[in-house]
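Trainee: I have a new model open and would like to learn how to read it. Could you take me through it step by step?

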Amino acid sequence: MSCFRVIYHEPVCPDCGSSEITEDEAETGDGLTETALTCRSCGTAWPVACVTDWTATASTPAPSATPSLTRR
Ligand SMILES: [Zn+2]
């Protein structure tokens, strides 16, 4: 039996759910380039980094400002 399995993470458009996604290099404006995904069906584009941001935000609670008023 073969337990070798390739898990291919296929990007899906968050707008229309299409899997016709192309990868593109996009400038963020800070002189950096990051990989952006573009939907070939509806044209929606989103940065790949946002996907990891979403999971990080979902696992961690919202950053609450510590109510520590330090007065002099
Ligand atoms: Zn789409």
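Mentor: Gladly; we will go from confidence to strands, and then to single residues.

Mentor: This is a predicted model, in which local features need pLDDT of at least 70, side-chain atom pairs count only at pLDDT 80 or more, and totals for chains, interfaces and linings use all residues. Residues are numbered from 1 along each chain as its sequence is written.

Trainee: What is the mean pLDDT of the protein chain?

Mentor: The general idea comes first: pLDDT is the predictor's confidence in each residue, from 0 to 100. Here the mean for the protein chain is 73, and 53% of its residues reach 70 or more.

Trainee: Which elements have the lowest and the highest mean pLDDT?

Mentor: Helices (H or I, at least four residues) and strands (E, at least two) are DSSP runs, numbered from the N terminus. Helix H1, residues 48–59, has the lowest mean pLDDT among the elements, at 53, while strand E2, residues 33–39, has the highest, at 86. Where pLDDT is low, the predicted coordinates should not be read in detail.

Trainee: Which pattern does the protein chain follow along the sequence?

Mentor: The pattern is β-β-β-α. In total, the protein chain has one helix and three strands.

Trainee: In what order do the strands form the sheet?

Mentor: Two strands pair if DSSP finds at least two bridges between them. In this model, three strands form an open sheet in the order E1-E2-E3, with antiparallel pairing. E1 and E3 are the edge strands, each pairing on one side only. From one strand to the next, the twist averages 35°; for such angles, axes are lines fitted to C-alpha atoms, for helices over the stretch in contact, and the angles run from 0 to 180 degrees between N-to-C directions.

Trainee: How many bridges join E1 to E2?

Mentor: Seven bridges join strand E1, residues 21–27, to E2, and the two run antiparallel. You can follow the pairing residue by residue: Glu23 has Leu37 as its bridge partner in E2, Glu25 has Thr35, and Glu27 has Thr33. E1 and E2 form a hairpin with five residues between them, and Gly29 in the turn has a positive phi of about 110°.

Trainee: And how many bridges join E2 to E3?

Mentor: Three bridges link E2 to strand E3, residues 45–47, again in an antiparallel arrangement. One of the partners to look for in E3 is Ala45, which is bridged to Thr38. This hairpin of E2 and E3 also has five residues between its strands. Gly43 in its turn has a positive phi of about 90°.

Trainee: What percentage of the residues count as buried?

Mentor: A residue is buried if 20 or more other C-beta atoms lie within 10 Å of its own, exposed if 12 or fewer, and partly exposed in between, with C-beta atoms placed from the backbone. Of the 72 residues of the protein chain, 4% count as buried. For E1, the number buried is zero out of seven residues, so E1 lies largely in the open.

Trainee: Which residues does Thr38 contact?

Mentor: Two residues are in contact if their C-beta atoms, placed from the backbone, lie within 7 Å. Leaving aside neighbours within four places in sequence, Thr38 is in contact with Ile21, Thr22, Asp24 and Ala45. Thr38 lies in strand E2 and counts as partly exposed, because 17 C-beta neighbours are inside 10 Å.

Trainee: Where does Ser18 lie, and what does Ser18 touch?

Mentor: Ser18 belongs to the segment before E1. Not counting residues up to four places away in sequence, Ser18 touches Cys13, Cys39 and Ser41. Ser18 and Cys39 are 21 residues apart in sequence, with 7.2 Å from C-alpha to C-alpha. Ser18 is partly exposed because there are 14 C-beta neighbours inside 10 Å.

Trainee: How far apart are Pro14 and Thr44 in space?

Mentor: They are 8.3 Å apart, C-alpha to C-alpha, and 30 residues apart in sequence. Pro14 is also found in the segment before E1. Across the protein chain, residues 24 or more positions apart account for 22% of the contacts with a separation of 6 or more.
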